[in-house]
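Dear colleague,

Please find the structure below, handed over for your records.

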Amino acid sequence: MSNAVIKIDQQTMLKMKTYYSSGLGSKLPPGAVFTAKANGCSITAYKSGKVLFQGNLAAEEASKWSEPEKKATKKPSQQKTIFSPPPNISSLSIIGSDEVGTGDFFGPITVVAAYVKKEQIPLLQELGVKDSKHLNDTQIIAIAKDLLKVIPYSLLILHNEKYNQLQSTGMSQGKMKAILHNQAINKLYDKIAPEEPEGILIDQFAEPSLYFKHLSGKSFKREKTFFSTKAEGIHLAVAAASILARYAFLKEMDRLSEKAGVTLPKGAGAKVDEAAAAIILKKGSPALKELTKFHFANTEKAEKIAAKKRRR
């Protein structure tokens, strides 16, 4: 399990508590303001302004809120101003991008960039497009099938074999996501050319400086590129991208379930460990490298469960 510590001000801490409200814990350690669980991480915020992230995606989750403590300068606050969405962004023609599957043990990471013109916003509202967290999988599938017909988009799937290969070389999940978002946005730009969107909105998973650092040596759009957490609620382009990414993820999960011979559960909880143990017993640990993000702690847990079952 990895961990990360950041230092934030009180205003950011209040924002964090609101952001993680659905996963807040009831028990607080001494000196803590709140605890929460989200995206496979345990989060503990202290009165001192320090926040501890623990879990497989600790660094990525922490980077949503701050650069590492030792690098803190005035730059991040300036960047927040530069890359914050304008007040009228919800009414503009925007490319939005989002990803799904980063915290799931089984299944790939899917990233979608979607272009929604201002004239299409009422249509998307009519189709039921909104924050995918408020939609079940059945609703997502139905809405996605309509979206595929009405908006241009670009989909990228990072399959587990490639994910595990990149991770084994030391590449962080944050860098993988930055590269995927950038590729999807560039491909979509080519698709809609010569039309120019009025901006790009990325569902924020890292500070802008870190995002662009990950893209060093690559071609990317910097002008009129905006970042925001909970971007699905800011512009329907991001909500549409999230729905299409989820739809692609669900299709991939069905494909992998058929390959594995069992229904693969989503997330990274106890049911996932049990399913992974069943696969180990049936096909051996190497089979997980094609089905999972192998470096997750679930691998070790599943191997222990499988070992216990073998001894019975």
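Which residues line the largest cavity? The lining consists of Asn182, Ile185, Ile200, Ile202, Tyr211, Phe212, Leu215, Phe220, Lys221 and Thr225. Please note that this is a predicted model, in which local features need pLDDT of at least 70 and side-chain atom pairs count only at pLDDT 80 or more, while totals for chains, interfaces and linings use all residues. Residues are numbered from 1 along each chain as its sequence is written, and side-chain values use heavy atoms, with hydrogens and water left out.

The structure holds two cavities of 30 Å³ or more. A cavity here is a set of points, on a 1 Å grid over the protein atoms alone, where a 1.4 Å probe fits but cannot get out; lining residues have an atom within 4 Å of a point. Volume is the space filled by probe spheres set on the points, which are joined across faces, edges and corners.

The largest cavity has a volume of about 40 Å³. Helix H7 (173-192), strand S8 (199-203) and helix H8 (208-214) each contribute at least two lining residues (DSSP runs numbered from the N terminus: helices H or I, at least four residues; strands E, at least two). Its lining has seven nonpolar, two polar and one charged residues (nonpolar: Ala, Val, Leu, Ile, Met, Phe, Trp, Tyr, Cys and Pro; charged: Asp, Glu, Lys and Arg; polar: the others, Gly among them).

The second largest cavity has a volume of about 30 Å³. Among its lining residues are Gly107, His159, Arg255 and Glu290. H9 supplies the largest share, three residues, and the lining divides into two nonpolar, three polar and four charged residues.

Conventions
1 Å grid on protein atoms, 1.4 Å probe; cavity = no way out; pocket = protein on both sides within 12 Å on 5 of 7 lines; lining within 4 Å.
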